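This report is a guided look at one protein chain, written for someone who is meeting it for the first time. Please keep the sequence and the structure in view while reading.

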Amino acid sequence: MELGSFAGAARALDLSTAMVSKHVAALEKHLGVRLLTRTTRRLTPTDEGRLLYQQASALLNEWQQLETEVSARAGHLMGKLRISAPMDYGVASLMPSVAEFQQLHPQLKIQLMLEDRRVDLTAESVDLAVRIGLLQDSSLVARTLGESQLSVYASPEYLEREGRPETPADLRRHRCLHFTYTQEGQLWRFRDPSDGSELREHYVSALDCNNGRALCEAAAAGLGVVQQPDFMMSPYLESGRLVPILEEWMPPPLGIYLVYAHRHHLPARVQAFIEFLCARVHP
């Protein structure tokens, strides 16, 4: 009901859409009532369906809480932990911690979803998400994991061909590569080294892409300049394929946060992973 369609429920349950529909039909037959009104556009719960959902959800939540608390007392975490994180941060920084945590709790199933869009934690049944930059949803609880420095990079070949920008204003005559999931559109922030004031430089994108690694590859191929966080740059800097520019103009670092929906009683598996990850970052 929360996900609004059989397809959404199927993705969350790791089932086919046909199987979800079959289970709902079987439940309706068993109860002798219609639970959902189906149209080509949407599913709408009947009064009976809404009542069943509310009461069953409460019972299920109580059971899951009891199950996790009992298993946690025995030192065993069970159930499913769904985590969302940006693609490159997840691969470079988060995956080692996830792997270690699952080795400690082999009965726990972890579903790590790496994508650069911002997921809706409630609608997509996600327990935890990593967010980088400004936090927009004040209803979420946030724990700080660290910081990441944004810098501008280009390939040596590009700089030899187009010249090296000395100030952010020089970027107006350069090819800038745009990350489409950024919160601020075609704008890069800088800090004036003379007085520390913030500068905002708007640019016209030469290439749009929704993945940071792909933009780095484009910059390394000489297509333009790119602004990216430091956690994904080591391979490019070590190989010399990209070099930093405008280093004295770097903006303040971005915060990296672990966020989750506010709950009075977090499941033991969620609370345990939060404390595990925060302890690794801030021992």
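## A leucine at the surface

Why does Leu27 count as partly exposed? The model shown here is a predicted one, and in it Leu27 has a relative accessible area of 37%, which lies between the limits of 20% for buried and 50% for exposed, so the residue is classed as partly exposed.

Leu27 belongs to helix α2, which covers residues 17–31. Together with Leu31 and Leu52, Leu27 makes up a nonpolar patch on the surface, and the accessible area of these three residues comes to about 220 Å².

## The chain as a whole

The chain has 283 residues, of which 40% count as buried, and its secondary structure consists of eight helices and 14 strands. When contacts between residues at least 6 apart in sequence are considered, 70% of them join residues at least 24 apart.

## The nonpolar cores

The largest nonpolar core contains 39 residues, and within it Leu81 and Phe273 touch the most other members. Several elements each supply at least two residues of this core, including β3 (79–85), α4 (87–104), β14 (254–261) and α8 (268–281); the largest share, seven residues, comes from α8.

Apart from neighbours within four places in sequence, Phe273 is in contact with Leu81, Ile83, Val98, Phe101 and Leu128. Another core lies apart from the largest one and has 13 residues, among them Tyr158, Cys176, Trp188 and Ile245.

## Aromatic pairs

Six aromatic pairs are present in the structure. One of them is formed by Tyr89 and Phe231 in an edge-to-face arrangement, with 5.2 Å from centre to centre and 85° between the planes. This pair links distant parts of the chain, since Tyr89 sits in helix α4 and Phe231 in the loop between β12 and α7 (234–239), 142 residues apart. Both Tyr89 and Phe231 are buried.

Phe273, already met in the largest core, also takes part in an aromatic cluster with Phe101 and Phe276.

## A buried glutamine

If residues up to four places away in sequence are not counted, Gln227 touches Leu150, Ser151, Val152, Trp188, Arg189 and Phe190. One of these, Trp188, is also among the residues of the 13-residue core.

Conventions. Residues numbered from 1 in each chain as written. Predicted model: local features only at pLDDT ≥ 70, side-chain atom pairs only at ≥ 80, totals over all residues. Heavy atoms only, no water. Patch = residues over 30% accessible without salt bridge, like charges linked within 9 Å, V, L, I, M, F, W, Y side chains within 5 Å. Areas by Shrake-Rupley, 256 points an atom, 1.4 Å probe, with all protein chains shown as cover. Salt bridge = Lys/Arg side-chain N within 4 Å of Asp/Glu carboxyl O. Helix = DSSP H or I, 4+ residues; strand = E, 2+ residues; numbered from the N terminus. Buried < 20%, exposed > 50% of the residue type's maximum accessible area, 1.4 Å probe, protein only. Contact = heavy atoms within 4.5 Å. Core = buried A, V, L, I, M, F, W, Y, C linked by side-chain atoms within 4.5 Å. Phe/Tyr/Trp six-rings, centres within 6.5 Å; stacked < 30°, edge-to-face > 60°.
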